[in-house]
Amino acid sequence: MPVFVNVPGCTCDDLSGCPSIYMCDADALTYDEENDTIVYDEEACWDCQTCVKYCEVNMIYYAETNEELEEIKQILGVT
Ligand code: SF4
Ligand code: SF4
């Protein structure tokens, strides 16, 4: 199941210190230093939703299907 990190909405000053990255035991979330962003690897994801819980400002979204994820992105106004 897909996860979406709404990076433009992140409130942490330093994305490399994102607690959700460190709490993801599957290493499905990583910090991309070159682009200063958080990258999600769906193949590696275990669907545990731990990352969602550790973002206190709710910038990580979890969807049951890709269709649901697209709906969430449309509501957020991101592509
Ligand atoms: S904790 Fe949330 S707001 Fe902070 S960097 Fe991670 S996803 Fe973004
Ligand atoms: S749902 Fe779990 S495995 Fe997937 S990115 Fe989030 S913390 Fe990692």
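This is a predicted model: local features need pLDDT of at least 70, side-chain atom pairs count only at pLDDT 80 or more; totals for chains, interfaces and linings use all residues.
How many nonpolar, polar and charged residues are in the lining of the largest pocket?

Residues are numbered from 1 along each chain as its sequence is written, chains are lettered from A and ligands numbered from 1 in the order in which they are written, and side-chain values use heavy atoms, with hydrogens and water left out.

**View 1. The largest pocket and its lining.**
Rolling a probe the size of a water molecule over the atoms shows where empty space is left. On a 1 Å grid over the protein atoms alone, a pocket is an open set of points with protein on both sides within 12 Å along at least five of seven lines, a cavity is a set of points where a 1.4 Å probe fits but cannot get out, and lining residues have an atom within 4 Å of a point. Grid points are joined across faces, edges and corners, and a volume is the space filled by probe spheres set on the points. The largest pocket has a volume of about 170 Å³. Its lining has 15 residues, and C12, P19, C55, E56 and V57 lie nearest the centre. By class, 12 are nonpolar, two polar and one charged. Here Ala, Val, Leu, Ile, Met, Phe, Trp, Tyr, Cys and Pro count as nonpolar, Asp, Glu, Lys and Arg as charged, and the others, Gly among them, as polar.

Now look for a space that the probe cannot leave. The structure holds one cavity of 30 Å³ or more, and the largest cavity has a volume of about 80 Å³. Around it you will find C24, A26, A28, L29, Y40, C45, W46, C48 and C51.

**View 2. The hairpin of β2 and β3.**
Helices (H or I, at least four residues) and strands (E, at least two) are DSSP runs, numbered from the N terminus. Two strands pair if DSSP finds at least two bridges between them. Strands β2 (residues 29–32) and β3 (residues 37–40) run antiparallel and are joined by four bridges. Find L29, and you will see Y40 of β3 opposite. Four residues lie between the strands, and D36 takes a positive phi near 45 degrees. D36 does this although it is not a glycine.

**View 3. Q49, with a positive phi.**
Q49 sits in the loop between β3 and α2 (50–54). Its phi is positive, about 70 degrees, although Q49 is not a glycine. Q49 is partly exposed, with a relative accessible area of 32%. Buried means under 20% relative accessible area, exposed over 50%, and partly exposed in between (1.4 Å probe, protein chains only).

Which residues of α3 (residues 66–76) are buried? They are L69, I72 and K73. These residues cover an arc of only 100 degrees around the axis, so they are on the same side of α3; the arc is that of the directions from the helix axis to the C-beta atoms. The buried residues pack against β1 (3–5) and β4 (60–62). After α3 comes G77, with a positive phi near 80 degrees.

**View 4. S20 and I60, two buried residues in contact.**
Contact means heavy atoms within 4.5 Å. S20, in helix α1 (residues 19–23), is buried with a relative accessible area of 0%. Leaving aside neighbours within four places in sequence, S20 is in contact with L29, C51, Y54, C55 and I60. I60 lies in strand β4 and counts as buried at 6% relative accessibility. With the neighbours within four places again left aside, the contacts of I60 include V3, F4, V5 and V52. I60 and G9 are 51 residues apart in sequence and 9.7 Å apart in space, C-alpha to C-alpha.

**View 5. M1, in the segment before β1.**
M1 is partly exposed, at 40% relative accessibility. Not counting residues up to four places away in sequence, M1 touches Y40, E42, C45, D47, Y62, A63, E64 and T65. From M1 to E68 there are 67 residues in sequence and 10.0 Å in space, C-alpha to C-alpha.
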